[in-house]
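Reader: Before I set up any calculation on this complex, I would like to go through its interface and its confidence values with you. Could you show the structure and take my questions in turn?

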Amino acid sequence: MKRQYVFAFTAVFLLLAIIIVMLIQDSKDYNRRNTVYEVAVVIRGKPNSYWDAVKQGIDQAVSNMSVDLSYITMENDYDAKEQAEAIRREVDNGAQAIVIAPIGDEPELRKAVEEAARQVVVIEIESRIFEGKVNSTILADNKAMAEALGKAMLNRRYEGEKYVLLLPEQPPDYLLKRYAALIQLLENEGAQVSFVTVPANPGLDIFPQDTTVCMAALDSVTLQAAAETISVLKEDAPKLCGIGGGAAVAYYIENGTIDFAISESAFNLGYLSIKSAVDILRGQKTEKLIEMDFRTITAQNIYEMENQRLLFPFVK
Amino acid sequence: MVKLRKQKKKASHEFFGKSFQFVLSLSFSSIAVIGMLVVGTALYVTFYRSTMDTVATEHRQILEQVNWNLDNYLRNMMKISDTMFFRVIKNTNLAEKSVIPEMSLLYEANRDRLVSLAVFSEEGEVISAIPLSSLKPTVDVTQQGWFTSARSQIENLHFSTPHIQNLFDNTDYRYNWVVSLSRRVELTYGGNVKYGVLLVDMNFSGIEQICRRVNLGDTGYVYIVDNDGEIIYHPMQRLIYANLLSENNITAASYKDGNHTETFEGKDRFVTVKTVGYTGWKIIGVSYMSEVTPYSEISFFAALLLLFAISLMIFVNYFVSSRIANPIMILERSVRDVDRAYANINIDVGGSYEVRNLGQAINAMLTQIRMLMDEVVAEHELKRKSELDALQSQINPHFLYNALDSIVWIIENGEYNKAVLMVTALSRLFRISISKGRNIITVRDELEHARNYLTIQGIRFPNRFRFEINAEPEILDMATIKLIVQPIIENAIDHGMDHVDEDGVIKIDAFSQGDDLYIEISDNGAGMPEDVAAELLKAPARTKSSGSGIGLFNVQERIQLYFGRQYGLTIQSVPDEGTKIIIHLAKMPYVDESGQEDGNK
């Protein structure tokens with residue numbers, strides 16, 4: 001056979017081979033797009049209004065994507081061992097991706113997360129304890145939120161105002177980061193700062209009944225618990241502010257119990273966690289660190305459209 | 001224009017100047033590619049139009065249905081508002097009676113569609129409200145959009161965009177997304193009429209239910225915007241509100257009813273718009289072109305397949321055209337070779353019937369030409385031989401006259417023996433010259449002829465030279481052309497012995513070496529320079545000599561005509577020393593006319 005025939009035949013054959021390879025690849029992509037992924041979400045404690053908002057985002061993502069969801073809540077708040085067991089159990093049950101809101105940097109939990117990360121896709125939300133060891137970390141910048149809170153507190157400060165920081169009994173790592181950032185900011189400004197540990201169902205007695213005090217909670221659960229408790233004091237209640245969102249926080253902002261709140265979008269957090277997991281499972285490129293915006297909500301701006309959309313996930 | 005025409009002509013000339021296979025292959029491929037593209041484009045356009053018509057029809061029907069349902073829903077809401085206004089509020093003296101009972105009945109009857117019913121005074125105070133009636137202390141109703149719209153355009157019903165209903169106090173942290181329908185109403189207090197605002201807060205789920213199950217293909221959807229492009233309903237409303245998704249709603253609000261195409265976030269979309277009668281809302285149906293006309297999605301594969309098809313076609317065309325063109329090209333090469341050299345060229349005959357016929361015809365023609373040429377050459381050679389032979393055979397009249405004159409002179413001197421010798425030599429000379437018309441004689445006869453000639457010339461020019469003839473006995477019966485030695489001897493006597501005084505020697509030696517036969521004629525005459533000797537064997541026209549070379553050239557021609565170009569004469573001459581001319585012949589036995597070797601001669 002002449003050389004040009006061999007060349008032409010080879011070219012045609014190569015072209016055919018490329019087409020076949022691309023068709024196979026396309027078929028694989030199609031299958032990948034239509035695969036139902038097993039995703040487990042392990043939150044850090046019991047369900048509450050904040051996690052309900054997160055769950056709405058998760059549900060939205062589940063309805064948009066092909067996901068079979070396991071949503072795991074804890075029996076106890078801040079129990080690292082229980083969370084570690086839940087992670088291991090979900091991996092053993094065939095979860096392809098784990099979304100976790102870690103309680104803290106506990107050895108047992110760290111071991112479980114690292115083991116899971118070797119087998120499945122792991123997305124960390126709300127903290128960056130395992131950043132770099134998991135596939136993606138999604139959160140609002142804790143330090144920035146705490147600093148925004150501190151600046152707002154200082155802006156609204158009046159003569160003789162004292163600050164009390166409210167912390168849960170076993171503050172998780174991300175709360176400690178917020179705490180550290182806030183206390184540094186306040187102390188730098190010469191403010192007097194103390195703190196109160198807030199149990200799951202706090203009594204009124206643990207809160208200072210002093211209108212010259214400004215209390216700051218660093219998470220939605222503590223903020224809501226404090227607001228519910230001190231709301232009975234009405235005009236005698238100390239000033240309350242904090243980091244958190246959801247309908248309950250909005251309610252207490254609106255009725256004046258909470259002076260203001262720094263809110264991130266819990267809905268977005270839930271949605272993006274599932275989307276990132278699915279994107280990674282589909283082989284798409286995702287950011288290793290996704291930082292979300294947050295807003296300062298007051299009684300005056302609570303019904304601005306953007307804030308409505310942030311605080312009240314659209315329920316159809 | 002002229003330049004263009006010239007370029008066109010040049011391009012055409014260049015194209016058709018290429019090889020037959022190239023022209024054939026390119027023409028086939030071009031026609032096929034153009035054909036494929038034309039047919040493909042026509043099919044694509046036809047299918048595209050057909051698909052788009054179908055999609056447009058489907059969109060229109062679905063949007064009509066959505067519009068009908070939505071219109072019904074809104075009319076029901078408007079009916080509630082009308083009922084509340086015309087049958088309850090207008091007929092109730094609020095100074096004496098509350099509208100709550102009727103309002104409650106109406107609310108209960110439409111509970112699944114309503115969030116609240118409320119009547120406000122122009123100052124924003126709650127007159128009546130159901131199911132909640134305690135206004136939040138922080139709320140200023142008069143600043144709400146639905147309230148200001150109702151007050152500013154008193155004749156109309158006003159529909160808001162979805163928003164959080166934040167009017168009434170509730171302790172369960174419940175915040176509802178609603179669409180508010182408001183209107184200005186007249187409130188009767190005894191004999192006085194005051195103005196107020198009637199608010200019907202529609203549960204957003206009512207609108208959502210109308211649109212939720214509407215599917216436009218797998219990925220298409222329907223959404224609703226108001227006049228300003230604010231989204232009323234969208235299947236991905238949560239994500240849009242969370243800024244995780246965006247929609248082309250602002251642009252779409254400016255579309256007129258009908259079909260449109262748009263590109264949003266890099267995706268081509270087919271959009272159908274339908275305006276809802278009273279509200280001015282627009283129902284917008286969106287389908288992605290990648291789904292409507294999946295050709296665009298598979299366009300890459302289609303392009304690859306097309307490329308493959310074209311490549312395959314070019315390959316096949318190249319193969320087929322080579323099968324057609326190769327025999328013609330081989331024929332053309334053969335004919336070109338024939339043009340260069342006629343000898344022994346055989347034309348390859350192959351390919352299609354016509355090409356084979358052409359090849360055979362050329363082959364036949366070439367055979368004919370070769371035969372004719374061979375004949376011409378042969379005839380030419382024969383003619384040349386005849387001419388040379390005739391020329392050679394002619395007896396120089398001067399020689400005959402001189403010989404006879406010498407005989408007379410000898411007889412007059414009484415030298416009868418010499419006369420007899422001379423007459424005898426002359427007689428033998430003529431006998432061998434004639435040789436019964438044969439041109440090939442034995443070496444013996446040729447040497448005899450030379451001897452007789454020398455004898456005659458020796459008698460004519462006594463004491464001028466002497467001669468010796470030596471021959472190997474075995475070559476005497478070999479064949480030679482007749483009368484090839486005599487012209488050389490004649491030259492030797494005329495030119496070589498001219499200035500020799502009595503000691504001239506002409507020597508003839510005949511011998512063989514291998515398959516060759518040599519006859520050397522040497523003299524010790526004047527000799528000649530090398531360049532003159534070389535000129536003697538060239539064509540007479542080129543020679544500058546006095547004509548003495550004609551005889552040698554003719555001898556050379558005759559030898560080569562009979563024996564071939566490798567035979568002939570060699571001249572070795574040294575001025576003042578002598579000349580040696582070597583006749584080189586093929587050694588072959590003499591065969592007489594009967595075909596028998598003449599061993600006796």
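The questions and answers that follow concern a predicted model.

Reader: How many residues does chain B bring to the contact with chain A, and which three supply more of the area that chain B buries than any other three?

Author: The contact draws on both chains, with 37 residues from chain A and 39 residues from chain B. Together the two chains bury about 3,600 Å², and 68% of that area lies on carbon and sulfur atoms. On the side of chain B, 23% of the area buried against chain A comes from three residues, more than from any other three, namely B:Y173, B:W177 and B:R238.

Reader: Which side chains meet in a salt bridge, and at what N to O distance?

Author: The rule finds one salt bridge across the interface of chain B and chain A. Its partners are the side chains of B:K136 and A:E254, with an N to O distance of 2.7 Å.

Reader: Which element gives the largest share of the side of chain B that touches chain A?

Author: Across the interface, eight residue pairs are in polar contact, both residues being at pLDDT 80 or more. The elements of chain B that give two or more residues to the side touching chain A are β4 (163-165), α5 (204-212), α6 (237-241) and α9 (299-340). That side of chain B divides into 22 nonpolar, 12 polar and five charged residues. Its largest share, 13 residues, comes from α9(B).

Reader: Why is A:N268 classed as buried, and which backbone oxygen does its side chain reach?

Author: A:N268 lies in helix α9 (residues 266-281) of chain A. It counts as buried because its relative accessible area is 12%, where the cut-off is under 20%. Leaving aside neighbours within four places in sequence, A:N268 is in contact with A:M292, B:L244 and B:A242. At 2.9 Å, the side chain of A:N268 reaches the backbone oxygen of B:A242.

Reader: Which element of chain B has the lowest mean pLDDT, and over which residues is the pLDDT below 50?

Author: For chain B the mean pLDDT is 83, and 91% of its residues reach 70 or more. Among the elements of chain B, strand β16 (residues 516-523) has the highest mean pLDDT, 93, whereas the lowest, 73, belongs to helix α1 (residues 2-16). A stretch of chain B with six contacts in the model beyond near neighbours in sequence has pLDDT below 50, and this stretch is residues 542-548.

Reader: What ipTM and pTM does the model score?

Author: These two scores belong to the model, which is predicted. The pTM is 0.62, and the ipTM is 0.79.

Terms used
Residues are numbered from 1 along each chain as its sequence is written. Chains are lettered from A and ligands numbered from 1 in the order in which they are written. Side-chain values use heavy atoms; hydrogens and water are left out. Contact means heavy atoms within 4.5 Å. Buried area is the accessible area (1.4 Å probe) that two parts lose on being put together, summed over both. A salt bridge is a side-chain nitrogen of Lys or Arg within 4 Å of a carboxyl oxygen of Asp or Glu. A polar contact is a pair of N or O atoms within 3.5 Å; within protein, one must be able to donate a hydrogen and the other to accept it, and residues adjacent in sequence count only if both atoms are side-chain atoms. Helices (H or I, at least four residues) and strands (E, at least two) are DSSP runs, numbered from the N terminus. Ala, Val, Leu, Ile, Met, Phe, Trp, Tyr, Cys and Pro count as nonpolar, Asp, Glu, Lys and Arg as charged, and the others, Gly among them, as polar. Buried means under 20% relative accessible area, exposed over 50%, partly exposed in between (1.4 Å probe, protein chains only). pLDDT is the predictor's confidence in each residue, from 0 to 100.
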